Amino acid sequence: MAARVLCSLRARLCYLPGLRKGYAHCAIDKLDNEMLDEKDRIAEDSQLLDAYFHEGYNLHYNPSSYHYPVGKSALSSCQSVNDDKEQCLVTVAPSVWQPSNRYRVTSSRHISNLAINKGSELKKTQPSHHTTPVSPDVKVDTRAFIKCRPEYSTITLDLTQRPPPINWEHVVQILQRVSGIKDSMKPSDVSRFIVDLSHIHTDNVSLVKSEQRFVMLLRYMVENLHLFSLTELLDVLRSFVWLEMPRGHTVLQPFEDELIRRADEMRFDQLLLAADLWRCIGRKVPQFLKHLYDLVHLYLGQVEVPELVQLLYIMGEGRYCPKVLVQPIEQLLMRQLHHLQPEEVGTLCLGLFKSQTSLSEAAVISLFDKAHSHVEDMSDFAIVNVLKYMRFSYFLHRPFMEAMTHEVPRRAGRMGVSGLMHVALTCSAMRYRNDRILAAVAEEIPSLVPQCRSKDSCKLLWAFGTLGFLPVQRPNLYPSLTEDLRKKKAEFQQYPEHLLTGLLGLAYVSQFPEDLIALALNPDFVNLALTSTKLDLKKDLFTLDGVVALELPHWTGPRLSRELRQEVTEMLWNVIQPEICQKPEVKWAETTLQELLGGEEFVCKRMILPHMRSIDFEVHLDPSGQPIPVSTECQTATISPQNCSSKSASNHSWERINSGVSVTDELIAQLANSRNAPIPTIPPSEVRTPSIVEPDESGKLFKTGLNLRAIITDMLTKPNIQKSSLQDSVVKLAIQVPSRNHYCYKSQQLLGLHAMKMRQLKMAGYRVVELCHHEWGPLLRKSRTEKMAYLHCKVFNSLDS
């Protein structure tokens, strides 16, 4: 009875106002069942609390919506399932040594969850290492894999299996025994006491950590760590999880140092267990993990499915996999693949994704095949993890994605914001547009917007915009996400890249929230975006600025400086020259166009719209449809003379301007018999692999057989120019050579950026001529005549459009 009264008194003292500093050297030497004078007890507890609330500091972490649920019987580390580094605020107080008492260590505490109200009862405190999203989302067990096999119990800690709680009277008895043997304590005694105290009910954890005897145990342990056995050390570390020790607690550093020192003595299961316990505490231990990774090769023969999955889980949470372990891990994965259960597949994919580990194509295919075979039995969390690794490996596994057309609509209502965002993001990254998937996600998002982080809203906008999902298809999708961006303007001061991502996604589908655009182009925000992140945001800012210039002619808001636009243009050209201009399909198009039109001065290769980050061939035709030189305009419109491939018109005879290609009987005959025509020799360095040719929807490869020749022959034998349809001014053509990556998968629909470019070229007064990759690609291996005939049709038929 007395113990209960004493506990209640201490709880009330925690809320007394006006606690003063200066009592840090006073210790509670005795805890028994006798009631002390209230005045003395208040003074002693005031001293304790004063040390307890010593100066605090902030730790940053941002949990994902896939966080293990907070509960009395379950703890979880701060885990993030996202590929980006994010943060949220958690306030704790640091641990400090008190030198006046050799057994005194002031414990850390999660102050932010402690409400100090006069005369109120002690409220329940949340685990210091466990945070909850600001907005509620679905709660998912991120460690569900450990329930797949009993073998995990020796290498992981099941946070759902908290030890049965002991009552406060038992705690008092334990602390009394601590007092009784404080001068003769052994490591085994300390370990046993800490383990027993960790079984206390979660409501009273903070009270135990504030007890002076517990502080004394910590002090003794730190001073005698070298005397503890490995088993005792691991038992204490496990107890720290249940006692919710803050990751920054002073006692943890020497504990970590001791485990690092003994790493060579530990078995593989002990190494994995220690790594998992550190993860549950939420403490980063890169040096200990380095020792773990260095020792893995000694145990490769002992690694079974649980050890492999746990190792990849630890690597994922540590965001690192040593390169020397990639091949051994791949070999282990291939050896154990057939024994994996659905949740284990998801955990492996998440670990590989978070640690940015690339496997061979054969291993990736096998892993996705395994995931596909279990897709109906996988949790939503596991499915999202598979999609994440698919996005990272950039390998589209068609059977798995086709399964998603059935699974996502069935699961969308319970997947939550983060899961739906990753589904849409993977589809956009893989260029996989499926309206069943997109419609299912779009149907759920508007009602879930209050739970979105700025990152979620912006990436959803980018994903839907990239895939050309138009506002008319779900009228409330874009407005709800755009309004959410307005509500989260403050977050963009920390993550400016997210705002640019969202605005570009909106621009792809012709949505222009001018207030947000003005914010993004504001000089202060531009400076923040260019200096506060390691990401290079210049190109995104430049693209947004170009969008404003062309699509918002009434714009009076901020713009990028001319110097910055010039800098980015030159930077882009330096990238495009070696990467794009040297591609065989581009070089063939350039030389064939020059021959078709009469010389280099009639074809200008340049970035017509520099903010679109790609090149086009500019061709000018007069009102009669004849080519005219573009060299002068080309040189004045580009950044440097190197941007234009044409030479001065004075080097060529003016008579060649109207020559073009003569349509003769010989040409038509040659075209009709081109099946037997010799194929010109192309240097190996200029030959693209057959991979540029994709099957059509029927599964057959596109071929330029009789059908194509018949079309070309028909066009060549007809009048190539309808003069009545010609304009009275120069016709400017922008001839594009897009790659298959500019289109949605197995489709002729351009992705958002490239569709926007075509739209803006038309706004700038150009007629767009597209050398579609599924047409121009196969022609690279055909005769010169067929190339010429194809380009002739494309260029001169554009006059009729």
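Student: Is arginine 143 buried or exposed?
Tutor: This is a predicted model. In it, arginine 143 is buried, with a relative accessible area of 3%.

Student: Which residue does arginine 143 form a salt bridge with?
Tutor: Its partner is aspartate 276, and the closest N and O atoms are 2.8 Å apart. Arginine 143 sits in the loop between strand S4 (105–106) and helix H3 (168–180), while aspartate 276 belongs to helix H9 (residues 268–281), so the pair ties together parts that are 133 residues apart in sequence.

Student: And aspartate 276, buried or exposed?
Tutor: Aspartate 276 counts as buried, at 0% relative accessibility.

Student: How many salt bridges does the structure hold?
Tutor: The structure holds 35 salt bridges.

Student: What does arginine 784 pair with?
Tutor: The side chain of arginine 784 meets that of glutamate 595 in a salt bridge, at 2.4 Å from N to O. Helix H31 (residues 784–797) contains arginine 784 and helix H25 (residues 584–597) contains glutamate 595, so this pair ties together parts that are 189 residues apart in sequence.

Student: What are the relative accessibilities there?
Tutor: Arginine 784 is partly exposed, with a relative accessible area of 46%. Glutamate 595 is also partly exposed, at 39%.

Student: What about arginine 262?
Tutor: Arginine 262 forms a salt bridge with glutamate 258, with 2.7 Å between the closest N and O atoms. Both residues of that pair, arginine 262 and glutamate 258, are buried.

Student: Which residues are linked in a network of salt bridges?
Tutor: Asp380, Glu407, Arg410, Arg411 and Arg414 are linked that way.

Student: Switching topic. Where is histidine 620?
Tutor: Histidine 620 is in strand S6 (residues 616–621). At 1% relative accessibility, histidine 620 counts as buried.

Student: What does its side chain make a polar contact with?
Tutor: The side chain of histidine 620 contacts the side chain of glutamate 618, at 2.7 Å.

Student: Now the helices. At what angle do H4 and H6 cross?
Tutor: The axes of helix H4 (residues 187–197) and helix H6 (residues 212–223) cross at roughly 140° and come within 10 Å. Angles over 145 degrees count as roughly antiparallel, and H4 and H6 are therefore oblique to each other.

Student: Left-handed or right-handed?
Tutor: H4 passes H6 in a left-handed crossing.

Student: Which residues meet there?
Tutor: From H4, Pro187, Val190, Phe193, Ile194 and Leu197 meet Phe214, Leu217, Leu218, Tyr220 and Met221 of H6.

Notes:
Residues are numbered from 1 along each chain as its sequence is written. This is a predicted model: local features need pLDDT of at least 70, side-chain atom pairs count only at pLDDT 80 or more; totals for chains, interfaces and linings use all residues. Side-chain values use heavy atoms; hydrogens and water are left out. A salt bridge is a side-chain nitrogen of Lys or Arg within 4 Å of a carboxyl oxygen of Asp or Glu. Helices (H or I, at least four residues) and strands (E, at least two) are DSSP runs, numbered from the N terminus. Buried means under 20% relative accessible area, exposed over 50%, partly exposed in between (1.4 Å probe, protein chains only). A polar contact is a pair of N or O atoms within 3.5 Å; within protein, one must be able to donate a hydrogen and the other to accept it, and residues adjacent in sequence count only if both atoms are side-chain atoms. Axes are lines fitted to C-alpha atoms, for helices over the stretch in contact, and angles run from 0 to 180 degrees between N-to-C directions. Angles under 35 degrees count as roughly parallel, over 145 as roughly antiparallel, 65 to 115 as roughly perpendicular and the rest as oblique. A crossing is left-handed if the near helix is turned anticlockwise from the far one by less than a right angle, and right-handed if clockwise. Contact means heavy atoms within 4.5 Å.
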